[in-house]
Amino acid sequence: MKAPFLALSLAVIAVFAGSSANAQTSATTAVAPQTGDSSITANRALGEVKVIDTSAKQLIIKTDAGSLVTVVLSDGTSFMRVAPGETTLTNATKITFGDVAEGDRVMAMGKVSDDRKLVPARTLIVMTKADLAKKQEADRAEWKRRGILGIITALKPETKEITITSRAMAGPQSITIPVSEKVELRRYAPDSIKFADAQAAKFDELKVGDQLRALGERDTAGTTFTAEKVVTGSFKTVAGVITAVDPATGELKINDMQTKQPLTIVVKHDAVLRKFPAAGEMGGGMMMGRPGGTGAGGQAAGPGPGAGAAGPGAGGGMRMGGGGMNVQEMLERLPTTTLSEVKVGDTIIVSSTRGADPSRLTAISLISGADTLLNMLAARQPQPSGQTAPNPAAGLGSGIQFGIGLP
């Protein structure tokens, strides 16, 4: 393998593997992307295999931006499989055309046509769908085990320290995160919805009020978090009742519960949709009482077996004790749903990055059946004098932080 080709291959593998923008610098230098879809450059196309035509020896791949590219293969095409996370070709293994499957992520290297719709591949580098799923599962498990989520409440540029409030069921906790030169710092771009698409960022781009998710270790006192990776974003969380659903465009219309203004919610295929169980479906109920207090139904909510974890409660329902569980953890355990199951009249909570048009939000996460959750969270807030029933809109200020997802 010639040195220039090797250097290019190693550079674009960083992009291929979904590494941070820091790791993509050499790739950007080696092959400057043309305008439009950055997954397609003059010398390669990157995407997911959608169609395999064995008789014509062709693939159709779909880039992250939605472009379709035909990959033409020949007897001279080299096929190489690499594992997610690899940054060199040292451990790559040779495979054949027959080993390529739909859902695999591939990079076709060759001269791309002027219309950016075809590439005769001299080399096809493959990450299998199964390998990618295993890597994502491992990454998600690590972020859950060693991660922290909160809202930025203070920034110290002179010492590069971030202070966040991490809201647990036991109450808010203030935690300091030093950001050294070794910390990988990334940030969601406006209208971006994917964790993997967060871009390299600088400390001065952070803002008070941003959501933050970090991977690392907390000290024994629980007040300082030594981070290895930090991801931030400026998110907007809204709630409202659906007034219209357009499955063809993936758009919902709601009236914002707080501002009373109409909003259009764009739901792309990468959005995470979850459903909160109705009150009658929660079996023994969802306990959200304060530590040592009582939860729904008058049951004790103090520490005990299973406290601090969300999971089946009495009767198979969900249970949230007072043992310090974050609301985020409970939301991530909710069952997933699809857009076809979301109906007019449903109450939803939506999280999105702040985009150019304040009347249109691109959903990162969406929770349907949210009226029960909002009422339960609002009931935990101080009630205005003379108000007998909790205002569901007040539940939005009760610790719902689900803008930044997991890998």
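A residue is called buried when its relative accessible area is under 20%, exposed when that area is over 50%, and partly exposed in between, with a 1.4 Å probe and protein chains only. The structure is a predicted model, in which local features need pLDDT of at least 70 and side-chain atom pairs count only at pLDDT 80 or more, whereas totals for chains, interfaces and linings use all residues. Residues are numbered from 1 along each chain as its sequence is written, and side-chain values use heavy atoms, with hydrogens and water left out.

The protein chain contains 5 helices and 23 strands; these are DSSP runs numbered from the N terminus, helices (H or I) having at least four residues and strands (E) at least two. Of its 407 residues, 45% are buried. Among contacts (heavy atoms within 4.5 Å) with a separation of 6 or more, 60% are made by residues 24 or more positions apart. The accessible surface, calculated by the Shrake-Rupley method with a 1.4 Å probe and, for residues, with only the protein chains shown as cover, comes to about 19300 Å², of which 52% belongs to carbon and sulfur atoms.

Strand E8 (residues 123-127) is largely enclosed by the rest of the structure, because 5 of its 5 residues are buried. Thr123, Ile125 and Met127 point one way from E8, Leu124 and Val126 point the other way, and all are buried. Strands are taken to pair if DSSP finds at least two bridges between them. Strand E4 (residues 78-81) runs parallel to E8 and is joined to it by 4 bridges, with Ser78 having Thr123 as its bridge partner. The pairing of E8 with strand E6 (residues 105-109) is antiparallel and extends over 5 bridges; here Val106 stands opposite Val126.

Aromatic rings of Phe, Tyr and Trp (its six-membered ring) are paired if their centres lie within 6.5 Å; planes under 30 degrees apart count as stacked, over 60 as edge-to-face and the rest as tilted. The structure holds 3 such pairs. The rings of Phe79 and Phe97 are stacked, because their centres are 6.1 Å apart and their planes lie at 20°. Phe79 lies in E4 and Phe97 in the loop between strand E5 (93-94) and E6, so this pair ties together parts that are 18 residues apart in sequence. Both Phe79 and Phe97 are buried. The rings of Trp143 and Phe195, with centres 5.3 Å apart and planes at 80°, are therefore edge-to-face. This pair links distant parts of the chain, 52 residues apart: Trp143 is in helix H3 (residues 129-146) and Phe195 in the loop between E12 and strand E13 (199-200). Trp143 and Phe195 are likewise buried.

The buried residues of H3 are Asp131, Trp143 and Arg146. Seen down the helix axis, they fall within an arc of 100° and so line one face of H3; the arc is that of the directions from the axis to the C-beta atoms. These buried residues pack against E4, strand E9 (147-156), strand E14 (211-218) and strand E15 (225-233). The face turned away from the buried side carries the exposed residues Lys129, Lys134, Glu137 and Arg145.

Arg186 is located in strand E12 (residues 184-187) and counts as buried because its relative accessibility is 7%. The C-alpha atoms of Arg186 and Lys229 are separated by 8.0 Å, although the two residues are 43 residues apart along the chain.
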